[in-house]
Amino acid sequence: LRSSVRGWVAVALALVMVAVNWSYELRSGASRTLYHWPQVAAYLARQGPASRSLVLTAAYEEEILLRHYYAGPIPIQTFLPSAYRRSGDEVAHRIRRIALANIRPDNVGEVADVVAGYDTVWTVNGGGWYFADRGGSLQTWLQEHCELDDSVEVVAAPIDSSPLTVDRYSNCTRTPRPRAL
């Protein structure tokens with residue numbers, strides 16, 4: 001009788017521990033991954049486009065997350081080097097967009113075609129950006145060819161997670177801007 005009671009107590013404790021862990025993971029995991037995106041969407045909606053604007057993301061998953069929360073007037077586009085753009089097969093295209101779209105110094109110049117015609121370019125720089133642009137080529141290109149007007153970090157609360165950075169650029173040109181002395 002004693003061993004069966006101990007067995008039931010052990011099972012009950014194990015179930016309580018599993019439930020507490022799952023509860024914590026669901027709450028904190030949601031905060032870490034999704035809580036920033038509604039804040040970013042609200043920030044973009046508040047700022048609104050002063051002129052022809054574009055939101056530029058480097059990673060496809062960031063475009064999807066932002067589109068889920070943001071329904072404002074600024075169009076959202078992922079920068080993809082031409083080698084990874086649609087080639088007819090939808091499955092292959094998705095694989096390319098998610099897994100292979102690396103931005104490098106030799107293909108980052110194509111961003112001029114993406115930002116051409118826009119007065120303001122917003123970038124949303126999250127975790128996926130670092131995988132797509134490991135060397136910082138796109139960020140460097142924007143800094144050299146555009147004027148940085150504003151930069152805001154959005155951090156998920158109450159958990160101290162990595163922030164999303166929203167930068168607003170204007171006056172982008174095809175040729176690099178002269179460096180300040």
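1. The structure is a predicted model, in which local features need pLDDT of at least 70 and side-chain atom pairs count only at pLDDT 80 or more, while totals for chains, interfaces and linings use all residues. Residues are numbered from 1 along each chain as its sequence is written, and side-chain values use heavy atoms, with hydrogens and water left out.

2. Five strands form an open sheet of mixed pairing, in the order S2-S1-S3-S5-S4; strands are DSSP runs of E with at least two residues, helices are runs of H or I with at least four, and both are numbered from the N terminus. Two strands pair if DSSP finds at least two bridges between them. The edges are strand S2 (76-78) and S4, each of which pairs on one side only. On average, neighbouring strands of this sheet are turned by 25° against each other, direction ignored.

3. Strand S5 (residues 164-170) is largely enclosed by the rest of the structure, because six of its seven residues are buried (buried means under 20% relative accessible area, exposed over 50%, and partly exposed in between, with a 1.4 Å probe and protein chains only). S5 pairs in the antiparallel sense with strand S3 (residues 120-125) over six bridges, and it also runs antiparallel to strand S4 (residues 147-154), to which seven bridges join it. Tyr169 in S5 stands opposite Val121 and also opposite Leu148.

4. Strand S1 (residues 53-57) runs parallel to S3, with four bridges joining them, and Leu54 has Val121 in S3 as its bridge partner. Helix H2 (residues 36-47) packs on the sheet, where it touches S1, S3, S4 and S5, and its direction makes about 25° with that of S5. Helix H3 (residues 60-69) also packs on the sheet, touching S1, S2 and S3, and its direction makes about 165° with that of S2. Contact here means heavy atoms within 4.5 Å.

5. How do H2 and H3 cross? Their axes come within 9 Å and cross at roughly 65°, where axes are lines fitted to C-alpha atoms, for helices over the stretch in contact, and angles run from 0 to 180 degrees between N-to-C directions. H2 is therefore roughly perpendicular to H3 (65 to 115 degrees, whereas under 35 counts as roughly parallel, over 145 as roughly antiparallel and the rest as oblique). The contact is made by Trp37, Pro38, Val40, Ala41 and Leu44 of H2, together with Glu62, Leu65, Leu66 and Tyr69 of H3.

6. The largest nonpolar core has 18 residues, of which Leu56, Phe79, Val111, Leu138 and Trp141 touch the most other members; such a core is a set of buried Ala, Val, Leu, Ile, Met, Phe, Trp, Tyr and Cys residues joined through side-chain atoms within 4.5 Å. S1, helix H5 (111-115), helix H6 (127-132) and helix H7 (137-145) each supply at least two residues of this core, and H5 gives the most, with four. A second, separate core of 15 residues includes Val40, Tyr43, Val55 and Val166.

7. The buried residues of H7 are Ser137, Leu138, Gln139, Trp141, Leu142 and His145, and they pack against H5, S3, H6 and S5.

8. Glu61 lies in helix H3 and counts as partly exposed, because its relative accessibility is 34%. Glu61 and Gly127 are 66 residues apart in sequence and, C-alpha to C-alpha, 9.8 Å apart in space.
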